[in-house]
Amino acid sequence: MSSKFDPQKNYQQTKKQVGYMERQQTAPEDYRRIGFMSGLEVHQQLDTKEKLFCHCPSGVFHRNEAYNAEVIRHMRPAMSELGGYDGTALMEFKTRKNIIYHINNETACTYEVDDTPPFKINPEALGHALKISLLCNLNIVGEVHITRKQYLDGSIPTGFQRTAILGVNGHIQLSNKKVNLIQLSIEEDSCREIADIAHNRWYKTDRLGMPLIETVTAPELMTPNELKEAAEYIRYLNRSTGLVRTGMGAGREDVNVSCKGGSRVEIKGVAHNKWIPELSHNEVFRQWALLHIRQLLKERFQKEEWKMQFQQLDLLEYHFSYQPLLDCRKKEHQIVAINLPGCKGILSHFTQPGQMFADEISQRLKVIACIELPNLLHSEQFENIVSKNDFDKIRSKFKASETDAQFIIWGAVNDIQTAIEIIEERFKMIFDGVPNETRKSLANGTTIFERVLPGADRMYPDTDSAPIPLSDEYINTLQANLPEETYKRISLLKEWETPIDSHTFILSKNLFPVIQEIIERFQYNPKRISTIFGHTYKHIVGQYKVRSEFNYRKLIALFHFIHEQELHPNIAPYLLPILYQHPSMDFASMLTSLKFKKRSMTELIAPIDFLIEKFREIRKTDDPKDAANWIMGQLHHQAIGNIELSDLRKNVDKRVL
Amino acid sequence: MKDLFQGYKGKALETLKKYNVRVWGKANIKTTRGTFNGTILPRSENDDDQHIVLKIETGYNIGINVGTISDMKETGYKKANYKVPEKEFPYTEGQPQVKLFGTGGTIASRLDYRTGAVIPAFSPGELYGSVPELADICNLSTEKVFAVFSENMGPKQYIALAIAIGKEIENGIDGIIIAHGTDTLHHTAAALTYMVQNPPVPIVLVGSQRSSDRPSSDAALNLMHSAVAAGHGDIAEVMVCMFGPTSDEYGFLHRGTRVRKMHSSYRSTFRTLGDTPIATVTQKGVKPIKKVYNHRRKDRNVKILPYFEEKVSILYYYPNMQPDIIDALVACGYKGIIIAGTGLGHVNKPVYPALKKAIEKGVHIFMTVQTLWGYVNMFVYDTGRDLMALGVVPLDNMLPEAAYIKLGWTLGQTNDRQKVIEIMQTSINDEITKREPYNGYLVYQGGVPEVEQFVKNFRK
Ligand SMILES: [Zn+2]
């Protein structure tokens, strides 16, 4: 092996060996080859007045500083109903975190901080969630059982989330395939994290306890684009009921991805559907890369043979100039070097764009050992932070061979102990393949380690609440008031010739029923109306701030007015911005503000001869088309709301051409 | 046979039998609402007979209405084994020897399928299995004296506990912990104060407001605090050890006679009334608040007085109380009555004749206050003087529950009116205090800016 090992070159080379390609260049066959498989857990907040298990208001949010009291808790793993401890639970216990909750008296009561048992489930939320379950073609349960799902990260003060299954075995219809749904549950939302520094994590409790549903698809989505389509579909479906919240954080996706030979990895809390393709693409290649690393290491060792060495470093013996290492003296922190036998080329092995294998370790140290970043130096860093001399000295202490790699870590004594265990554990995991874990998504399409993936072993019946029977009569009443299925809406939009670029806007804003009602009641042309909403109205929404008095009924009322006054609907694009900004204004005044006057076709075309004369005076060309265009421009404003512009054009053309 | 269908009855039981599917059997169920797969779970006896409980593959439980079932097949069987690893407690040379008595209650409970609620079932050994940190504090031996819910604790249990404690002290134990449900923890604490007098070592009652099957349970921390207090603390009294604040921070040690459960669900529910707690406790040690307390001793001179008369009652006075209530108690053979009176210790005139009759029949009647804080004072108003003239005896600032337990204990020893009054009015361990310190009554109200400031900055 060459003594001049170039980590950058190694990174690029391993990236090539893994076969990483840009998503735009990746074909469905490529995904099939590496066994891309994924499923979704779509979280959607319900629009209710109160929270799910107490009577605090839902949807009222506070700034980080706006709180009245604090509560501190620590979480301990508790056994599941079937008598086991959950892996994540034990890991989280290792982290020894102080969890600090900020409580604002307006939005949290003693229930949220687990000092009062739950009140009866919010019937409004249950009804909303059941309606959505029915739309998802799920088999509705006969009796709802509240279950506790352990979360030891502190995001819920009880240490568990109260959740219940409403239906199982449903499906949705995408453009090219039917996708099965495993289940839909109703649950309470968690706290919002304020900060996470070393052994302290802060949460605020305003969002905690808000009603939420989780729709889980089967792992049947075979490309990143299909995954996105399913996410979009479920979002449209949820919104088609008009019973869900919209806006920042109201809908979040967990994306489960694996490759052939890989493991289920969950990318948590993806806030935007448009991020899904890139995230899942990078994740499947990350797993592919980890399997490549396994192959490399297996060529060198058996799992049982591999053993790392570590020893404490004395600052005085080295010439470190790196500030975090120098600070260790003052903080009384330990510095420990670790020798990783046969791991040369592994640390700088490609995992994701901009990340190498050493980053996987660093992220685990941050989360599990609570050592803040930067928390790791190693022998394959692109920049030389530790001098070659110092590294040589460390290597000689271990009697390290040329094929070994080294880490330097530092931190409080207890944390360093955990850190050493974590590093050993993670390297042993290489031999097993891809660890099950949850990962946090970053805006650039890559992910970082979040937690070990919890199993089914963290479920426990909620002994604080009784089962809720769902009678056939109740289900039938809900069934009677459902919107049509979303795929039917999509095919109607196509039938109407609604511009393809506006489908997302119409479905996600749930404008479909508005458009449908306008078309059916007033017999307007579907393409015209849906285009007005898909283009003009979308532009207005992007341009102006919505007023609280505004609602969709007013949109329908506007078209009712146009119809009643026998105006032409082409005036709608001019009235809509006024309505949006001044929702309380009466429609007649809006017309006045447009200086609108009722005119017949005869009245409108009367001045054509005069205009032809006028054009002759100012004309720059002799093309009669220019004349027609100019005249149309002069009459356009008067014609709007009175006649079809194309009819006017015909009349103009007749006279000019 | 019945065990195959745990908790099922009526229609649901019939259905299970009809299709030959057992509890813990894996089943495929066809219904008018579609097909469901999962493991049949036991059903709580108090729930209806219209549903079958199923644990589906994702770990969630659901209920299936038996009326909708058209077919059902058992495809497998797997019984859950709910058991905490029971480990023998490791012995460490030089650590204090502590005995833990298990009595049941939330601190040691687990799921019960029969009732669907939590039942007291962890053995103290299992308890160690889930709180291994205890081994760093003391050498712990455990004994399950009984397994009952807090509300089922009574005179029999007080007496058994007092005798067991006496034996342990005689055998040279360094401290005693009693794991107990919280609802009547203060009753037991008072009873043991009277029954176990002059103990040379700490006797610490502990419970939890959140069962140990919850990740945020206060059980583990309370246990650790009580082990510190029992093994290392210098306060040799009967005490209650529970959360100080609602946060996981420190515990209080409350004197067994001055403590009361003050909130139905808060973790920091136990408060010392009319005084301060004796001490705070953390994993690092006990920090006394009160300067005067009984110190730990080397001798074994404890006095065990295990007596109790069960025919004692507590009467919570309300306006318009009818005299026949008192007549009824007398007719039923009650020998002692504690009245929790209004204000300074009052009841209305119409019950006077009934009280007079009762006292003449030899019933011992004492007065406490339902305000909980403050002293009985029957001299301030005529009504009070009239009551005393009838023979109702004031008990100063003794808490009604502490007084009730004390009267039962006293009447277990004597029925002599003068002796009973003398015992009742002679404080054993601060059930009556001579003075109420200014900081003995602190019920602050929210909304006041200064209080809000305090809550935000200090009351975690
Ligand atoms: Zn609340």
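## Close-up views of a predicted two-chain complex

**View 1. Confidence along chain B of the predicted model.** Chain B has an average pLDDT of 91, and 92% of its residues score at least 70. Where pLDDT is low, the predicted coordinates should not be read in detail. For the complex, the predictor reports an ipTM of 0.90 and a pTM of 0.90.

View 2. Let us start with chain A, which holds 22 helices and 23 strands. Its C-alpha trace spans about 100 × 70 × 45 Å along the principal axes. Of the 657 residues in chain A, 44% are buried. Among contacts in chain A with a separation of 6 or more, 75% are between residues 24 or more positions apart. Turning to chain B, you will find 11 helices and 23 strands. The C-alpha atoms of chain B fill a box of roughly 75 × 60 × 50 Å, again taken along the principal axes. Chain B has 460 residues, and 49% of them count as buried. For contacts in chain B between residues at least 6 apart in sequence, 71% join residues at least 24 apart.

**View 3. The contact between chain A and chain B.** Here 45 residues from chain A meet 47 residues from chain B. On the chain A side, several strands each supply at least two residues, including S2 (69-73), S7 (160-173) and S8 (178-188). S2(A) gives the largest share of that side, with 5 residues. By residue type, the side of chain A that touches chain B divides into 23 nonpolar, 15 polar and 7 charged residues.

**View 4. A strand pairing that crosses from chain A to chain B.** Which way do strand S5 of chain A and strand S4 of chain B run relative to each other? Strand S5 (residues 143-144) of chain A and strand S4 (residues 61-65) of chain B run antiparallel, joined by 2 bridges. To find the pairing by eye, look for A:Glu143, whose bridge partner in S4(B) is B:Gly63.

**View 5. Strand S19 of chain A, covered on both faces.** Strand S19 (residues 405-411) of chain A is largely enclosed by the rest of the structure, because 7 of its 7 residues are buried. In a regular strand the side chains alternate between the two faces of the sheet. On one side of S19(A) are A:Ala405, A:Phe407, A:Ile409 and A:Gly411, and on the other are A:Gln406, A:Ile408 and A:Trp410, all of them buried. Strand S15 (residues 334-340) of chain A pairs with S19(A) over 7 bridges in the antiparallel sense. Within that pairing, A:Val336 has A:Ile409 as its bridge partner. Strand S18 (residues 376-378) of chain A also runs antiparallel to S19(A), with 3 bridges joining them. There, A:Ile408 in S19(A) stands opposite A:Leu377.

**View 6. A:Tyr322 in a loop of chain A.** A:Tyr322 sits in the loop between strand S14 (309-312) and helix H7 (323-331) of chain A. Why is A:Tyr322 classed as partly exposed? A:Tyr322 has 15 other C-beta atoms within 10 Å, and a residue is called buried only from 20 or more and exposed at 12 or fewer, so this count falls in between. Not counting residues up to four places away in sequence, A:Tyr322 touches A:Ile385 and A:Val386. If you also have A:Tyr474 on screen, A:Tyr322 is 152 residues from A:Tyr474 in sequence and 68 Å from it in space, C-alpha to C-alpha.

**View 7. Domains 2 and 3 of chain B.** Chain B is divided into domain 1 (2-77), domain 2 (97-304) and domain 3 (312-425). The centres of domain 2 and domain 3 of chain B, taken over C-alpha atoms, are separated by 31 Å. In the contact between these two domains of chain B, 12 residues of domain 2 meet 10 residues of domain 3. Helix H4 (residues 185-195) of chain B contributes the most to the domain 2 side, with 6 residues. That domain 2 side is made up of 6 nonpolar, 4 polar and 2 charged residues.

**View 8. Helix H9 of chain B, mostly covered.** Helix H9 (residues 400-411) of chain B has 12 residues and reaches 16 Å from its first C-alpha to its last, close to the 16 Å expected at 1.5 Å a residue. Of its 12 residues, 12 are buried. Among them are B:Tyr404, B:Leu407 and B:Trp409, as well as B:Glu401 and B:Lys406.

Key: Residues numbered from 1 in each chain as written. Chains lettered and ligands numbered in written order. Predicted model: local features only at pLDDT ≥ 70, side-chain atom pairs only at ≥ 80, totals over all residues. Helix = DSSP H or I, 4+ residues; strand = E, 2+ residues; numbered from the N terminus. Expected span 1.5 Å × (residues − 1). Domains from an automatic or database assignment. Contact = placed C-beta atoms within 7 Å. Nonpolar A, V, L, I, M, F, W, Y, C, P; charged D, E, K, R; others polar. Pairing = 2+ DSSP bridges. pLDDT = per-residue confidence, 0-100.
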